[in-house]
Amino acid sequence: MKIHRFNAFESQISYFTSRTGVHLPRMTFGKGVFFKDLGRWSNTYDGQARQTESVHILPDPVQGLSFPRPLDVLSSALSLSSRMVDTEEIYGLLEYFGLPVEKATQPVISLSGGEILLLNFAKAKAMLPFVEGLVACSPIHWLNENRYSQWEKLVEAFDKKKRFVDVALLEGEPFIDEKSVRQETVLQPVPAVTWQLGLDDPVVVFEEIRFPSYHPASRIEYKLDDGSRSINLESPVLITGDNGVGKSIFAKVLSGIIKPSGGSVAINAPNGSGHARLIFQDAIDQLFGKSIDGHMDWVFRFDEDKRRIAKDIYAELDAGIRNDFQDRTEELEAMGSQSRKCTLLQAKISLIAERLATRTPVLVLDEPGWGLSRSIARKLVETVSRTAGKMHVAIVLISHHARWWQGMVHSRCHLSQEGKHTVVIGKV
């Protein structure tokens, strides 16, 4: 296994393209550039297919899946070796990588990030007889630590067949080759924002799917581990838990994207009791095909005051991060040009500034370190937490990498499964 490390997401993608011949459309320059890149990919697809004899795991693993259900994904991969695909073989692959068989018919878009990555592992193993190797970007970043063994199983399978494994990581990104992790500190304490989270037996129900194929209904009920109806927290708050336990679903409930079918969730914070605002883990998709500046202008097209506030917050966050790395050119690579915003980091800063401008009571950052080096990720969260603290906005981090946020988190909650349908939230 060969490991390559990069200082910025953009460099990681460039390496992936040079290694595989696959040109991924750029997502931060607006729809014109996106469709131009898409056309380039389409026009060179046949040549790429001949040159590329590897299976790929992309930084956002959902981009490596073309079919709507895990059953379809694995059936397609296994059909390379047989016209008749045994369903039991598909179930066996899912279970081999720790995915329950009932996930086979669940829509891919409704799986958690970690589950999607594990599905990529299953697909890669299914394609093992027909490829020369594996090119993987950040192959464990989306996983809880107790799932790292699934990656080791995949690598072992490729090693046994004498296939290459080429890994592209960002600097400081967690990986299984790490022997020790240094303790992280911050120079000054991050300001705390005290707030209260209320839970009145909220239940999220996912209706059964009948078309184009059947998938049964499911439900999640959230409750506090001590049986109470509320919990007092100090921002920044870190939420942890296993892959698929329901962390991102809970974030969507907090932000009002998902409405509970029963019960309720309540926020009582200095800025009020409304819904939280959310930055998804794959934040770059939240630009909705627009450029970074174009998205900001579009969001506040009817509110010039809020647009000015958001741009001022962006400038404050950018300066706070950029000044810290002014003598370290490798980190500045991720910052990008101030005259034309186009990097993943700049997209995240812009989305955060947009939400802070509304003075939301709580801002949820789902896996904020995705696509960033460790030093940049920590500085981003620290800078955002300081700015949010001044605005009395509480910050919630959802992350598998608790060590990344040492020295700046004031409260920590852990989500765990209790039975088939209940998720328990406990304060650590």
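## A157 and its helix

Let's start with A157, a residue of helix α7 in this predicted model. Its relative accessibility is 11%, so A157 counts as buried. Setting aside neighbours within four places in sequence, A157 is in contact with K125 and L128. A124 is 33 residues away from A157 in sequence, and the two C-alpha atoms are 9.9 Å apart in space.

Leaving aside residues within four places in sequence, F158 is in contact with V55, A124, L128, V131, G133, L134, R163, F164 and V165. L128 is a contact of F158, and L128 is also a contact of A157.

## The nonpolar cores

F158 takes us to the largest nonpolar core, a set of 47 residues. The residues with the most contacts inside this core are L119, F121, L134, W151, L154 and F158. The elements that contribute two or more residues to the core are the helices α1 (9–20), α4 (70–78), α5 (87–96), α6 (113–126) and α7 (148–160), together with the strands β2 (54–57), β3 (133–137) and β4 (164–170). Helix α6 gives the most, with eight residues. Both domains take part: the core draws at least three residues from each of domain 1 (2–170) and domain 2 (193–427).

A second, separate core has 42 residues, including I279, I376, L397 and M408. As general background, nonpolar side chains in soluble globular proteins tend to be buried together.

## Where the two domains meet

The domain assignment of the chain gives domain 1 as 2–170 and domain 2 as 193–427. Their C-alpha centres lie 26 Å apart. At the interface, 30 residues of domain 1 are in contact with 37 residues of domain 2. The area buried between the two domains is about 2,800 Å², and carbon and sulfur atoms give 52% of that area. Three residues deserve a look here: N7, T28 and H141 supply 23% of the area that domain 1 buries against domain 2, more than any other three residues.

Polar interactions cross this interface too. The rule finds two salt bridges between domain 1 and domain 2, and it also finds 14 residue pairs in polar contact, with both residues of each pair at pLDDT 80 or more. On the side of domain 1 that touches domain 2, α1 and α6 each supply at least two residues. Helix α1 provides the largest share of that side, three residues.

A salt bridge to inspect on screen is the one that R147 forms with D242, where the closest N and O atoms are 3.1 Å apart.

K341 sits in the loop between α11 (329–335) and α12 (344–356). Although it is in a loop, K341 counts as buried, because its relative accessibility is 19% and the cut-off for buried is under 20%. Its contacts, leaving aside neighbours within four places in sequence, are T28, I292, D293, Y314 and Q346.

R307 belongs to helix α10 (residues 304–324). With a relative accessible area of 15%, R307 is buried. Not counting residues up to four places away in sequence, R307 touches D297, F300 and R301.

## Backbone features worth a look

Now for the backbone, beginning with a cis peptide bond. The bond from S235 to P236 is cis, with omega near -5°. P236 is placed in the loop between β7 (230–235) and β8 (237–241).

Two residues have a positive phi without being glycine. D201 has a phi of about 50° and is found in strand β5 (residues 193–206). At a relative accessible area of 33%, D201 is partly exposed. F288 has a phi of about 55° and lies in the loop between β10 (277–279) and α9 (292–299). The relative accessibility of F288 is 63%, so F288 counts as exposed.

Definitions and conventions:
Residues are numbered from 1 along each chain as its sequence is written. This is a predicted model: local features need pLDDT of at least 70, side-chain atom pairs count only at pLDDT 80 or more; totals for chains, interfaces and linings use all residues. Side-chain values use heavy atoms; hydrogens and water are left out. A nonpolar core is a set of buried Ala, Val, Leu, Ile, Met, Phe, Trp, Tyr and Cys residues joined through side-chain atoms within 4.5 Å. Buried means under 20% relative accessible area, exposed over 50%, partly exposed in between (1.4 Å probe, protein chains only). Helices (H or I, at least four residues) and strands (E, at least two) are DSSP runs, numbered from the N terminus. Domain bounds come from an automatic or database domain assignment. Contact means heavy atoms within 4.5 Å. Buried area is the accessible area (1.4 Å probe) that two parts lose on being put together, summed over both. A salt bridge is a side-chain nitrogen of Lys or Arg within 4 Å of a carboxyl oxygen of Asp or Glu. A polar contact is a pair of N or O atoms within 3.5 Å; within protein, one must be able to donate a hydrogen and the other to accept it, and residues adjacent in sequence count only if both atoms are side-chain atoms.
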